[in-house]
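Please read the points below with the sequence and the coordinates open beside you. They are meant as a colleague's note and take up a few regions in turn.

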Amino acid sequence: MAAKSFKYVIVGGGVSAGYAAREFAKQGVKPGELAIISKEAVAPYERPALSKAYLFPESPARLPGFHVCVGSGGERLLPEWYKEKGIELILSTEIVKADLAAKTLISAAGETFNYQILIIATGSSVIRLTDFGVQGADAKNIYYLREVDDADKLVEAIKAKKNGKVVIVGGGYIGLELSAVMKINNLDVKMVYPEPWCMPRLFTADIAAFYEGFYKNKGIQIIKGTVAVGFTADSNGEVKEVKLKDGRVLEADIVVVGVGGRPLTTLFKGQVEEEKGGIKTDSFFKTSVPNVYAVGDVATFPLKLYKELRRVEHVDHSRKSAEQAVKAIKASEEGKTIEEYDYLPFFYSRSFDLSWQFYGDNVGDTVIFGDNNPETPKPKFGSYWIKDGKVLGAFLEGGTPEENKAIAKVARVQPPVENLDVLSKEGLSFACKI
């Protein structure tokens with residue numbers, strides 16, 4: 001079959017691809033110049049919806065409702081939008097070989113795609129228990145969540161196992177959000193994770209204690225300090241028990257695993273410089289190979305604020321890095337320059353009627369402020385991270401949009417602090433006066 005040729009190709013069809021397409025359109029891309037190649041069957045969408053509103057029992061989110069760029073308050077880009085702009089959406093197409101020197105990509109079906117400029121936006125894949133040879137991990141009704149297809153399977157399982165028992169393996173983002181949504185679906189929920197508290201990469205013990213207490217009050221049982229080492233299935237091959245390392249056995253009709261992801265860089269191994277588990281880029285998301293850019297989860301880029309290279313797995317960075325790469329591509333074509341990427345790390349989550357935001361870097365000493373009693377009807381509390389006499393990070397649960405902007409400003413400005421006790425007493429008012 002004849003090769004298809006494009007000026008620009010984005011490989012990967014997630015959040016970054018959608019935001020890059022919008023930026024290309026803003027920059028005046030001509031019809032036929034840009035293609036997005038995605039192994040998913042649908043146009044780019046806002047992935048965070050999958051662990052939240054997609055699984056709600058009432059008025060759940062469904063496509064086309066959450067195509068990009070609605071997650072950041074932008075226009076919803078339906079498949080028709082791409083057609084109107086002359087952007088080719090090549091869906092249900094997995095790239096299995098990339099030759100960066102020859103500027104070609106080959107799909108599983110044997111199609112060849114040529115490009116002049118490539119944006120790698122392959123994102124991450126979930127880590128599966130079968131990767132570690134966990135006994136019985138291939139049983140039916142053990143789920144992972146990454147794509148709409150995964151969410152659809154989970155929706156069917158929730159319907160089929162009404163009022164059933166769910167075991168959530170993992171205490172990070174996915175674990176916390178899915179435990180909440182499963183409880184909202186009236187299922188019996190147990191969470192299992194090996195760490196001493198939930199979200200250990202971000203939360204302090206004090207912050208985690210609030211969420212664990214809140215979840216417990218909602219009827220979710222949390223089992224810490226152990227891992228799932230095996231699963232037993234019934235005669236239909238459906239999971240029925242989760243065996244834990246500490247010897248306990250939990251009944252389960254559904255198991256959902258959220259133990260992290262891996263950046264999808266395998267296609268490019270040995271062809272491009274890598275660092276810290278990702279593809280190394282500059283502040284414009286250019287890789288070590290001319291005319292090849294990498295954005296989102298796969299990019300290890302200079303985090304200017306902290307003068308170090310980092311890889312960030314979050315939707316906010318996926319959006320912003322994609323826009324930066326496209327601006328850089330257009331600027332270099334026109335002989336212009338643009339500002340370096342100056343990213344402020346930002347993470348957020350919503351579950352039940354809780355909503356938190358974090359900005360900056362979670363290093364150094366911490367102080368907690370506000371009301372972090374899980375029994376409080378409308379809790380509002382936060383934390384600051386202080387290193388070398390400066391506030392580097394800020395976290396807030398239950399903040400208003402203005403208050404969230406204030407903590408973001410603190411993390412960006414890094415104001416000096418002399419007394420941690422005074423800072424704890426001042427709490428949110430410290431941020432609001434910066």
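This is a predicted model: local features need pLDDT of at least 70, side-chain atom pairs count only at pLDDT 80 or more; totals for chains, interfaces and linings use all residues.

1. Strand 20 and its two partners. Strand 20, which covers residues 299-303, pairs with strand 21 in the antiparallel sense over four bridges, whereas its pairing with strand 18 (residues 278-280) is parallel and rests on two bridges. Four of the five residues of strand 20 are buried, and the strand is thus described as mostly covered.

2. Individual bridges. Phenylalanine 301, for its part, has arginine 310 of strand 21 as its bridge partner.

3. The turn. Which residue in the turn between strand 20 and strand 21 has a positive phi? The two strands form a hairpin with four residues between them, and in that turn lysine 307 has a positive phi of about 50°.

4. Helix 6, at serine 318. Serine 318 lies in helix 6, which runs over residues 315-333. Is this serine buried or exposed? Serine 318 counts as buried because its relative accessibility is 9%, which falls under the 20% cut-off. Setting aside residues up to four places away in sequence, serine 318 touches Val15, Ser16, Gly296 and Asp297.

5. Helix 6, at glutamate 323. Glutamate 323 also has its place in helix 6, and despite its charged class this residue is buried, with a relative accessible area of 15%. Its contacts, leaving aside neighbours within four places in sequence, are with Tyr19, Arg22 and Glu23. From glutamate 323 to glycine 335 there are twelve residues in sequence, and the two C-alpha atoms are 18 Å apart in space.

6. Helix 3. The length of helix 3 (residues 148-160) can be checked against expectation: at 1.5 Å a residue its 13 residues should span 18 Å, and the C-alpha atoms at its ends are 18 Å apart, so the two values agree. Buried residues in this helix are Val148, Asp150, Ala151, Leu154, Val155, Ala157 and Ile158. In general, an α-helix has 3.6 residues a turn, so residues three or four places apart point the same way. The elements that cover the buried residues of helix 3 include strand 8 (142-143), helix 4 (173-184) and strand 15 (254-257).

7. The cavity. How many cavities of 30 Å³ or more are there? The count comes to one, and the volume of the largest cavity is about 60 Å³. Its lining consists of Leu176, Tyr211, Tyr215, Ser349, Ser351 and Trp356. Helix 5 (205-217) and strand 22 (346-351) each supply at least two of the lining residues. Sorted by class, the lining of the largest cavity has four nonpolar and two polar residues, with no charged ones.

Methods. Residues are numbered from 1 along each chain as its sequence is written. Side-chain values use heavy atoms; hydrogens and water are left out. Buried means under 20% relative accessible area, exposed over 50%, partly exposed in between (1.4 Å probe, protein chains only). Contact means heavy atoms within 4.5 Å. The expected span of a helix is 1.5 Å times one less than its number of residues. Two strands pair if DSSP finds at least two bridges between them. On a 1 Å grid over the protein atoms alone, a cavity is a set of points where a 1.4 Å probe fits but cannot get out, and a pocket is an open set with protein on both sides within 12 Å along at least five of seven lines; lining residues have an atom within 4 Å of a point. Grid points are joined across faces, edges and corners, and a volume is the space filled by probe spheres set on the points.
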